[in-house]
Amino acid sequence: RRKQEFLAPHWVMYIRDLVESKYGAKVLYQGGLKIYTTLDLDLENKLEEVARANADNLAQRDAENTAIVAMNPKTGEVLAMVGSMDYWNPDIDGQVNVATSERQPGSTIKPLVYLTTFTKGWSPATSIVDEKLSIPDDLGRVWTPENFDKTFHGTTTVRSALGNSLNIPAVKALQFAGIDSVADMARRMGITTWTDSK
């Protein structure tokens, strides 16, 4: 397809889908609607530049795409939504909005894990040993988690482990808290996509 000017494409498509799901396609396309949103176009354009400029940094981490969402923390209004590095790049599925796609949560779930440990007696000052850890599964396979920097950091606090996004302390925190308790906390915090706890 011929590339055409399309400002804030992921935001526009996101809003279009919301309106269409609520009011139907006929109202959306034929209803003469005027739709006002919270988008800050200057911020959106700046964040699109930031996303594109981050390509080399992402490549060093074996990644090829990114997303950025800026919100007003007082109101929850979305001010900008960059869903990919390049909406028009089919090599990275650029028209897929990474910001709204269901994905493996990675480190973003660590705060919920630690929050759950706080309900069971831990605190930000609780010590955890960041060391080699091997966990067998029911099939006899062994999982050995690693930190991003491939090193162990010894005894650390929950505060430091979370602040540095250390994986092994987070796994130990999950073991302490229990998967079901963390999943319950996630649901209480508004996560709706964790429907299968097995």
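This is a predicted model: local features need pLDDT of at least 70, side-chain atom pairs count only at pLDDT 80 or more; totals for chains, interfaces and linings use all residues.
The axes of α5 and α7 (residues 167-177) approach within 9 Å and cross at roughly 45°. The two helices are therefore oblique to each other, and the crossing in which α5 passes α7 is left-handed. On the α5 side, the contact is formed by Lys 110, Val 113, Tyr 114, Thr 116 and Thr 117. On the α7 side, Asn 167, Pro 169, Ala 170, Ala 173, Leu 174, Phe 176 and Ala 177 take part. Classified by residue type, this contact of α5 with α7 comprises 8 nonpolar, 3 polar and 1 charged residues.

Against α8 (residues 179-188), the geometry of α5 is given by an angle of about 110° and an axis separation of 9 Å. This arrangement makes α5 roughly perpendicular to α8, since angles of 65 to 115 degrees fall in that class. The residues of α5 that meet α8 are Leu 112, Val 113, Leu 115 and Thr 116, and their counterparts in α8 are Ser 181, Val 182, Met 185 and Ala 186. The contact of α5 with α8 contains 6 nonpolar and 2 polar residues, with no charged residues. Val 113 and Thr 116 of α5 are listed in the contact with α7 and also in the contact with α8.

Burial along α8 was examined next. Val 182, Ala 183, Met 185 and Ala 186 are the buried residues of this helix. Viewed down the axis of α8, these buried residues fall within an arc of 160°, so they line one face of the helix. The buried residues of α8 pack against α5 and α7. On the face turned away from the buried side, α8 carries the exposed residues Asp 180 and Arg 188. In α7, the buried residues are Ile 168, Pro 169, Ala 170, Val 171, Lys 172, Ala 173 and Ala 177; among them, Pro 169, Ala 170, Ala 173 and Ala 177 also belong to the contact with α5.

Ala 8, although not a glycine, has a positive phi of about 45° and lies in the segment before α1. With a relative accessible area of 1%, Ala 8 is buried. Asp 62, also a residue other than glycine, has a positive phi near 60°. Asp 62 is located in the loop between α4 (55-59) and β1 (68-71). In contrast to buried Ala 8, Asp 62 is exposed, its relative accessible area being 76%.

Within helix α1 (residues 9-23), Ile 15 was considered individually. Ile 15 counts as buried because its relative accessibility is 14%, and buried residues are those under 20%. Excluding residues up to four places away in sequence, Ile 15 touches Ile 35 and Thr 37. Ile 15 and Thr 37 are separated by 22 residues in sequence, with a C-alpha to C-alpha distance of 8.3 Å.

Note on methods
Residues are numbered from 1 along each chain as its sequence is written. Side-chain values use heavy atoms; hydrogens and water are left out. Axes are lines fitted to C-alpha atoms, for helices over the stretch in contact, and angles run from 0 to 180 degrees between N-to-C directions. Helices (H or I, at least four residues) and strands (E, at least two) are DSSP runs, numbered from the N terminus. Angles under 35 degrees count as roughly parallel, over 145 as roughly antiparallel, 65 to 115 as roughly perpendicular and the rest as oblique. A crossing is left-handed if the near helix is turned anticlockwise from the far one by less than a right angle, and right-handed if clockwise. Contact means heavy atoms within 4.5 Å. Ala, Val, Leu, Ile, Met, Phe, Trp, Tyr, Cys and Pro count as nonpolar, Asp, Glu, Lys and Arg as charged, and the others, Gly among them, as polar. Buried means under 20% relative accessible area, exposed over 50%, partly exposed in between (1.4 Å probe, protein chains only). The arc is that of the directions from the helix axis to the C-beta atoms.
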